[in-house]
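Please look through the sequence and the 3D structure below. The text after them goes through some features one at a time.

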Amino acid sequence: MLRRSSRLTDAGYYNHLGQPVISYRETSTYRRPKRFASDNRKDTTKKKVRFVLEAKEASRVSGANEDSRNSRNSINRWLFFMLFVSLGIVYFTLAISMNSNSLDTVLSRTEGLEQQMRMLQVEMLRIKELPSWDSMPNFALESQGARLLAHVSSKTYQSTEPTFSIPIWNFPIPFWRPAADPSIVTQAGPIVVGRCWPFHGESGHLVIALSHPVNISHVTLGHISKTVSPTDNISSAPKMFAVYGMKTEEDEGTLLGTFLYDQDGESLQTFKLSEQEAGVFNHVKLQVESNWGNPDYTCLYNFRVHGTT
């Protein structure tokens, strides 16, 4: 009798007669350990190879990015250096291009500015030595007997635009305020905005019969200052003006001085006449040659005449 395997018998390999009926059938759940271990080793090796390849690729990309950043930084440094060099060349070229003529021009302008500064200093000292307008008698004061001669003075300026309007039944009615009389220039009191005598254009004149025959030494011209002007400017203020002494109102007059009213100065500015034996005058003529820019009219607020009888 043939020897039978118990494992094959259990697997149904033999029939009841003991003869094999199945060529082969393996129902065991066992697997070969060697083959399983080999497969694991192969998978692990593949993973290690893949990890190494990925690490190398990441290193290559990182290196490329670093090289790109270094290249950009190098280009930026080079451009900054070239810009600095270019500016230096331009500055050096401009310095060389200044020839002796331009240097002489600069020196002459500097000397001119120094001369103007000295003249201003002398003028400031002269102004400081002037007596105050309120410490001298005013012979052009109306309340003291002086008179402004309107018939031999410039014409009063009257604006074509209404001064104000009053709405009546929703319809504005315009009103014109009459211009101030020229005698306001010789009246006492503080200088108030808008309380002045206007005449047409940039030049004009007025004639004053003085309260006493006077040997004139100083004159004072008044206007509002920029600090109290509603428009922050005094374009209607006189600029260049001249003063004439007159024996009579028909007299052509004797020039006593030409002066500049400073728009940035004090409201009341006093001017000293040159030392001369002009004599005693009964009348004074104020001739305004120009103003500070107003093309329509010029305003006179106050004019005073000082001297001795």
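A cavity is a set of points, on a 1 Å grid over the protein atoms alone, where a 1.4 Å probe fits but cannot get out. The volume is the space filled by probe spheres set on the points, which are joined across faces, edges and corners. In total, the structure holds two cavities of 30 Å³ or more. Lining residues, those with an atom within 4 Å of a point, include Ile184, Pro190, Arg195 and Tyr301 for the largest cavity. By class, this lining has six nonpolar, three polar and one charged residues. Here Ala, Val, Leu, Ile, Met, Phe, Trp, Tyr, Cys and Pro count as nonpolar, Asp, Glu, Lys and Arg as charged, and the others, Gly among them, as polar.

The model is predicted: local features need pLDDT of at least 70 and side-chain atom pairs count only at pLDDT 80 or more, while totals for chains, interfaces and linings use all residues. Residues are numbered from 1 along each chain as its sequence is written, and side-chain values use heavy atoms, with hydrogens and water left out.

The protein has three helices and eleven strands. Both are DSSP runs numbered from the N terminus, helices (H or I) of at least four residues and strands (E) of at least two. From the N terminus on, the order is α-α-α-β-β-β-β-β-β-β-β-β-β-β. Of the 309 residues, 27% count as buried; buried means under 20% relative accessible area, exposed over 50%, and partly exposed in between (1.4 Å probe, protein chains only).

Ala209 lies in strand E5. Ala209 counts as buried because its relative accessibility is 7%. Its C-alpha atom is separated by 7.0 Å from that of Leu149, 60 residues apart along the chain.

Side chains of opposite charge can pair when their charged atoms come close. A salt bridge is a side-chain nitrogen of Lys or Arg within 4 Å of a carboxyl oxygen of Asp or Glu, and the count comes to one. Which residue forms a salt bridge with Lys226? The partner is Asp264, with the closest N and O atoms 2.9 Å apart. The pair links distant parts of the chain, 38 residues apart: Asp264 is in the loop between strands E7 (254–260) and E8 (268–272), and Lys226 in the loop between strands E5 (204–222) and E6 (240–246). Asp264 counts as exposed at 55% relative accessibility, whereas Lys226 counts as partly exposed at 27%.

Key:
1 Å grid on protein atoms, 1.4 Å probe; cavity = no way out; pocket = protein on both sides within 12 Å on 5 of 7 lines; lining within 4 Å.
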